[in-house]
Amino acid sequence: MSEAQENQAKTRVVHFLLHVPKCAGTTVEDHFAAHLGKAFRIAPRWDHMLRDVIGNRYPGIELDGVKVVSGHSVSRSLAHHLPSTQIRESVLLRDPIGYFLSFYNYRWTRFGDGFGTEPPSFEVWYSRQRLNPISRFLLMRYFEQGVPVLYRLSSADRFAWLEERLAQFHFVASFRRADEMIAGISRELGLPESTKPRNVTPKKHLKTEDLPPKLRDRILRENAVDLALFERWAERGWSGQPSAPTPRLPRFDQGRYVLGDIATGLFKI
């Protein structure tokens, strides 16, 4: 074995498993929490007014012995606390219709009191949601492109920015390939590969076929960045290139994101 190979073999490896909402993250986290114990960590949320501006921060965090980090608050800045460590990033994605339906059903099941006595119709609820939530989550939460920087990016810019970085990821695929990702990373860590799916929304109140075609078309049109990411990366897996042609997306629609976030009451600094 060469000196370079020996050094590579000695390099510490830590997996960052991004938990995009409604993308099988709970199943992934439960598996590694059960088998790794203290070597698994949910990244803590930094409760600070600047979080949406400069991203998450981790003051005083201890990561000795940690092999896998996950959670909604994992961000790239966490790597600064892991010097001389190889970070392997993995993420699961979802199509826009599936994402919004799952999120609505989750709210309906788990947070009925947040809706009041009767939940709004799906169409009314959807109209209050921000555009392209998955790509936005990746940009803001993991890659820490906070406001106002985020609003300089058009749909085409957001897509291109994420494409360049996802190409460097260890694993990228549809949430339906969660078992494959879990098994592969478990093999790398010497853990059991089988897992039990965990669905935090036990009952589906609405399904895709329940939505009128016009509404389905609207969701896909209004969330074209998330749709393009899913179509391009759903089958990528461990290596290789995206499988669908590069889409043509708007290059001067930054104002749509600003106005949309203000309208939905989700513009927070």
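Is E164 buried or exposed? Select E164: at 54% relative accessibility, this residue counts as exposed (over 50%; buried is under 20% and partly exposed lies in between, with a 1.4 Å probe and protein chains only).

The model is predicted, so local features need pLDDT of at least 70 and side-chain atom pairs pLDDT 80 or more, while totals for chains, interfaces and linings use all residues. Residues are numbered from 1 along each chain as its sequence is written, and side-chain values use heavy atoms, without hydrogens and water.

The whole structure holds 14 salt bridges.

Next, select R76 and E89, whose closest N and O atoms are 2.8 Å apart in a salt bridge. R76 sits in the loop between β3 (68-71) and β4 (85-93) and E89 in strand β4, so the pair ties together parts 13 residues apart in sequence. R76 is partly exposed, at 32% relative accessible area, whereas E89 is buried, at 8%.

Move to R187 and E193, a salt bridge with 3.0 Å between the closest N and O atoms. E193 is partly exposed, with a relative accessible area of 36%. Then select E123, R218 and E222, which salt bridges with shared partners join into one network.

Finally, show S155, F159, L162, E163 and L166 of α8, which meet V225, A228, L229, R232 and W233 of α11 (heavy atoms within 4.5 Å).

Key:
Helix = DSSP H or I, 4+ residues; strand = E, 2+ residues; numbered from the N terminus. Salt bridge = Lys/Arg side-chain N within 4 Å of Asp/Glu carboxyl O.
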